[in-house]
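Hello,

Here is the structure for you to look over. My notes follow below it.

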Amino acid sequence: MRHIISLLMENEAGALSRVAGLFSARGYNIESLTVAPTEDATLSRMTIVTSGSDDVIEQINKQLNKLIEVVAVMDLSEGEHLERELMLVKVRAVGEVREEMKRMADIFRGRVIDVSDKTYTIELTGTGSKLDSFLQAIDCSLILETVRTGASGIGRGDRILK
Amino acid sequence: MELTGAEIAIRCLQEEGVEHVFGYPGGAVLFIYDALFNQEQVKHILVRHEQAAVHAADGYARSTDKVGVALVTSGPGVTNAVTGIATAYMDSIPMVIISGQVPTHAIGEDAFQEVDAVGITRPCVKHNFLVKDVRELAGTIKKAFYLAKSGRPGPVLVDIPKDVSNTRTEFHYPSSVSVRSYNPAQHGDAGQIRQAAQLLLGAKRPMVYAGGGVILSSASQQLAELVRLLGFPCTNTLMGLGGFPATDKLSLGMLGMHGTLEANMAMQHCDVLLAVGARFDDRVIGNVEHFNQEKRKIIHIDIDPSSISKRVKVDVPIVGNVAHVLGDLLEVLRGSKQKREAKVLAPWWAQIEGWRAKNCLVYKNSDEVIKPQFVIEKLYEITHGDAFVTSDVGQHQMWAAQYYKFDKPRRWINSGGLGTMGFGLPAAMGVQLAHPDATVACVTGEGSIQMNIQELSTCRQFHLPIKIIALNNRYLGMVRQWQQFFHGNRYSESYMDALPDFVKLAEAYGHVGISIDKPSDVEPALKEAFARKDKLVFMDFKTDQTENVFPMVPGGKGLSEVILSEEL
């Protein structure tokens, strides 16, 4: 099953590689991993999307907690949560497709953030499946490049990772 | 007063009460060695290979309750140390390794003797640090000792670039340390402990399974009290030998791949299992599915939550320091109104005695050829069961574990998790330095001893009167045994040809060597060797070439699917 795990860790050199190394050494899956500093410059927040049986997820949580630099771990998928991913798509936009591409971006609440005479670069945010839908909705032969950040997650309401 | 980073490093070791550092100098640690030169409190033991430095620090730590310390240079110094670090990590041994690094400005430039020490050791340390600013050095070393010793212990590496060790700053050693992201549990949950007590008191076929955690948390006293209070059978893992006295009638000996029949059968058929500081690893319970076929309630006490329900689902997990939890559990048991009568356990004990009566460790002795088991039995007699015994890895290790009955903790020093050949002799050096007047025996084989034989030189320099018992069967015995059982007698590369004359070799290093070929010479040789209190004696026992270790639970099999000796 898919799980989205959030963690707070010391913002120190090498902390990311400890997490990445743990996943590869123990054979756990990483679907995506995002990391950036928080409002507290000494802490980084990481979101990991992974999958595995309940036993494997339990071990992942415990092993993450065991890393000295990890301050807190939360399996967001155990409760109500929000997740968003950012995608940048560069598409070929010439002729009548140009207008069509703009309309599709609007429908998915995306924005065209860069324009050239042959291309658009579209910015889209949403859940991973919404981004997938967009890619399926447009003519795939027009896609020149996609960049996705992987999911960032946060608990709903009072659910806070401190 | 301002001190250099090198002086700070040594001052930190002094503050931590470190008496011995095991190491090997090199370019990147020259300033640290210079600082060592100017003081007397911390004694440096010059080994002949960095792997041995780490094993010696490891043996030192295992036989005491202290943190072992090793000091190595950058590059090959660190890579040579990695086997030792991984050995300590697998067995949760508290250790601090200080490594030199190329100067900060050269890091990443593929400088001479540069290796990413933090990166290369990351998967086999509890934690590691690269100190880029001398002002952080003292605090980092303080943290390293704290991390190594607290919680589930383990090795911690501190990598110090050469320019950092030569930069001056004000020295202040912190009196305390706290790491916000690291708060190991001490006491177990009271509710869980009560639940455990209830299960134990209601058990009809109980079993206590005690591992290395009992030794590491110095909880053997509490364990013995608990086992005796309840009158339960107790087995120890390879790492836990001595955690409960082997000569106690409640002891079923070691369990696992080469454990006793009674221990493995009781483990398989118990209804309540109390696991203490042990982790259900593959060499202990064999096949998990087979183990799970029998229904039993499991209580698991461990300091590390990730050890709980990792391979085997448990019913009552208790996270905490084993000594504290056992103490609390004892209190609950003593206060309990629920009294139990010995007769409740009588049928279970009768069943266990039935297994025990099989006498699974019996072997056929010989007048012609030396049986390795016989050597260990005699070693046990002659040392009155009171020696520190280190071992290497292989058949000799298993025979030592089976036939030397350890009654005290920290007497049995071996590489359990990683299974590192070459561990025994350097570990014995650490033990002997920690206990200068004690009898230290290193049980080894002709294969293992050659993996760190250069340390005979270190033993000479520091006058370490270790007694080396080499069970020389001219084979990598455990490999040969597996080839015999599972690879159709095809002894691929397991014959040890072109062996040195170990007697001459020992003499070349300035020690005493004895070669023993006849069973009747075993006892006299051991007596002679152990009488020479001031000398290292290398005993080369030419043993039976084809002797096998029994009982044996083959890899991937269940605990009751055991191969017994041909004698049975």
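**What was found**

B:Arg228 is partly exposed, with a relative accessible area of 45% (buried means under 20% relative accessible area, exposed over 50%, partly exposed in between; 1.4 Å probe, protein chains only). The closest N and O atoms of B:Asp248 and B:Arg228 are 2.8 Å apart (a salt bridge is a side-chain nitrogen of Lys or Arg within 4 Å of a carboxyl oxygen of Asp or Glu). The pair links distant parts of the chain, 20 residues apart. B:Asp248 sits in the loop between strand 10 (234–236) and strand 11 (251–254) of chain B, and B:Arg228 in helix 10 (residues 220–230) of chain B. Helices (H or I, at least four residues) and strands (E, at least two) are DSSP runs, numbered from the N terminus.

A word on conventions. This is a predicted model, in which local features need pLDDT of at least 70, side-chain atom pairs count only at pLDDT 80 or more, and totals for chains, interfaces and linings use all residues. Residues are numbered from 1 along each chain as its sequence is written, chains are lettered from A and ligands numbered from 1 in the order in which they are written, and side-chain values use heavy atoms, with hydrogens and water left out.

**Interface of chains A and B**

17 residues of chain A are in contact with 18 residues of chain B (contact means heavy atoms within 4.5 Å). The area buried between the two chains is about 1500 Å², and carbon and sulfur atoms give 45% of that. Buried area here is the accessible area (1.4 Å probe) that two parts lose on being put together, summed over both.

Four salt bridges are counted between chain A and chain B. One joins the side chains of A:Asp55 and B:Lys313, at 3.2 Å, N to O. On the side of chain A that touches chain B, the elements giving two or more residues are helix 1 (15–25), helix 2 (54–66) and strand 4 (70–75) of chain A. Helix 2 of chain A gives the most, with six residues. By class, that side has four nonpolar, five polar and eight charged residues. Ala, Val, Leu, Ile, Met, Phe, Trp, Tyr, Cys and Pro count as nonpolar, Asp, Glu, Lys and Arg as charged, and the others, Gly among them, as polar.

**Salt bridges within chain A**

Over all chains, the whole structure has 37 salt bridges. In one of them, A:Glu69 pairs with A:Arg18, with the closest N and O atoms 3.0 Å apart. A:Glu69 lies in the loop between helix 2 and strand 4 of chain A, A:Arg18 in helix 1 of chain A, 51 residues apart. Both are buried.

A:Arg103 and A:Glu100 also meet in a salt bridge, at 3.0 Å, N to O. They are three residues apart in helix 3 (residues 97–107) of chain A, so about one helical turn separates them. A:Arg103 is partly exposed at 45%, and A:Glu100 is partly exposed at 35%.

**Buried positions in chain B**

B:Ile299 is in strand 13 (residues 297–302) of chain B. Its relative accessible area is 0%, so B:Ile299 is buried. Beyond its neighbours within four places in sequence, B:Ile299 contacts residues including B:Ala196, B:Val272 and B:Ile318.

B:His55 is in helix 3 (residues 50–63) of chain B. B:His55 is buried too, at 0% relative accessibility. Not counting residues up to four places away in sequence, B:His55 touches B:Thr83, B:Phe423 and B:Asn452, among others.

Best wishes
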